[in-house]
Amino acid sequence: MTKAKGSKGSGSTGRGAGKDAGKGVGKAERPGKKSARIALPGPDVHGLRELPKLRVDGYSLQLRDKEGFVGDQASQTAFRALLERWRRRHRSEGEDPLGALHSREMSKKQLDRLLSERRVSDAGNVMHSAIGEFAQELAAVIQRFLRRHSWRKVQRIVVGGGFPESEAGERAILEAGAILEEMGVHVQLGRLSHEVDDGGLIGWVHLAPPAMLKKHDAILAVDIGGTNVRCGIVKTRRRKAPDFSLAKVLRREKWRHADEHPNRSHLVEHIAGMLEDMVRYSERKRIRLAPFIGIACPGLIRKDGSIARGAQNLPGDWESDAFHLPSALWRRMPMIGSGPTLVLMHNDAVVQGLSELPFMRDVRHWAVLTIGTGLGNASFTNRR
């Protein structure tokens, strides 16, 4: 599998997810005071779907069958569960070839090492069996997505998230592509052009208000996942490439919060600390930061920056009426440089997909799947 190549807003409250992703209205509220509205600088519009170069057709789609959410069958968590089932079959016949450590505790490097062995082994056979079964599940999930209204014309799917960065993930996606071709489903599968840790940060250059970027070198961005939080400084490099194809992450910090099991408050405080550290670094290096913070996280994002659904893999209740992440971070950092901070939030799959926008001009309809703790999804239509 090869790597894929090829605004401003203002308004009142409301959900910005559209035909395939829910309807309704919500407000940003102070914890415990439902009638009070938090005043944030700039437009109160998050989860934008209409951009100058494309339209977000749908995201955070939740497909169900009798066993639950279809996407849960094609996540990194699902792959570990499949691997564990294949190991149990071997244990019933004798010794587990992968050892005593549970599949979910094994690192990607440990699993990839088993695939790199040249000689045939029981451990390698178990890995190949799990990869083959996962590829079938992934192909079936992709086929289900392609039946949805917002996915019917998709010509190319970019696969991101942590799973494709492993040898097991790479092979599973290749096999899924072959299975789809055999089924007569002609859609291209490709990988992110950027490192997976960068994609969910770089995509924010396409969502930040253009006026904010003109006099600044870089922006701050956060990518919140069910296992990790990534925070970074993204240099736009817009003078060298106005389409942002050369945008890059100057500095990045990654926190594997799943190992520490923080509550919601601790997670937010840690994110704020990471952002403050990035501001201090920028001051030392004389990087002109725009007064902007972009937050990518799982779920369906309303226009007011609250989360309607889909954040079940994050610690605590992120869909509560008393919780508003953009407000919490703005209170910690109301000013960046000489300007009031604008904090915007969008779905993580949308942001990761937008990092590929400069390389998707040769197709009209395309999509992104992010295979991590869960399965993120978004579909796009380029404007002519």
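**Entry: a first pair.** I began with Ala218, which stands opposite Leu289 in β11. This is a predicted model, where local features need pLDDT of at least 70, side-chain atom pairs count only at pLDDT 80 or more, and totals for chains, interfaces and linings use all residues. Residues are numbered from 1 along each chain as its sequence is written, and side-chain values use heavy atoms, with hydrogens and water left out.

**Entry: strand β11.** I noted the terms: strands (E, at least two residues) and helices (H or I, at least four) are DSSP runs, numbered from the N terminus. Two strands pair if DSSP finds at least two bridges between them. β8 and β11 run parallel, joined by 5 bridges. β11 also runs parallel to β16, with 6 bridges. There, Gly294 has Leu344 in β16 as its bridge partner. I then asked how many residues of β11 are buried. I found 9 of its 9, where buried means under 20% relative accessible area, exposed over 50% and partly exposed in between (1.4 Å probe, protein chains only).

**Entry: the whole sheet.** I wrote down the order as β10-β9-β8-β11-β16, an open sheet of 5 strands with mixed pairing. Why is one side of β10 and of β16 left without a neighbour in the sheet? β10 (248-255) and β16 (342-347) stand at the edges, so each has a single partner strand. From one strand to the next, the twist averages 20 degrees. At the β10 end, I counted 7 bridges to β9 (residues 229-235), and these two strands run antiparallel. Val229 stands opposite Trp255 in β10.

**Entry: helices on the sheet.** Helix α7 (residues 264-285) packs on the sheet and touches β8 (218-224), β9, β10 and β11 (289-297). Contact means heavy atoms within 4.5 Å. The direction of α7 makes about 145 degrees with that of β10. Axes are lines fitted to C-alpha atoms, for helices over the stretch in contact, and angles run from 0 to 180 degrees between N-to-C directions. Helix α8 (residues 325-332) lies across β8, β11 and β16, at about 150 degrees to β16.

**Entry: helix on helix.** I looked up how α7 and α8 pack: the angle is about 50 degrees and the axes are 10 Å apart. The two are therefore oblique to each other (under 35 degrees is roughly parallel, over 145 roughly antiparallel, 65 to 115 roughly perpendicular, the rest oblique). Residues of α7 that meet α8 include Val268, Ile271 and Leu275, and among their partners in α8 are Leu325 and Leu329.
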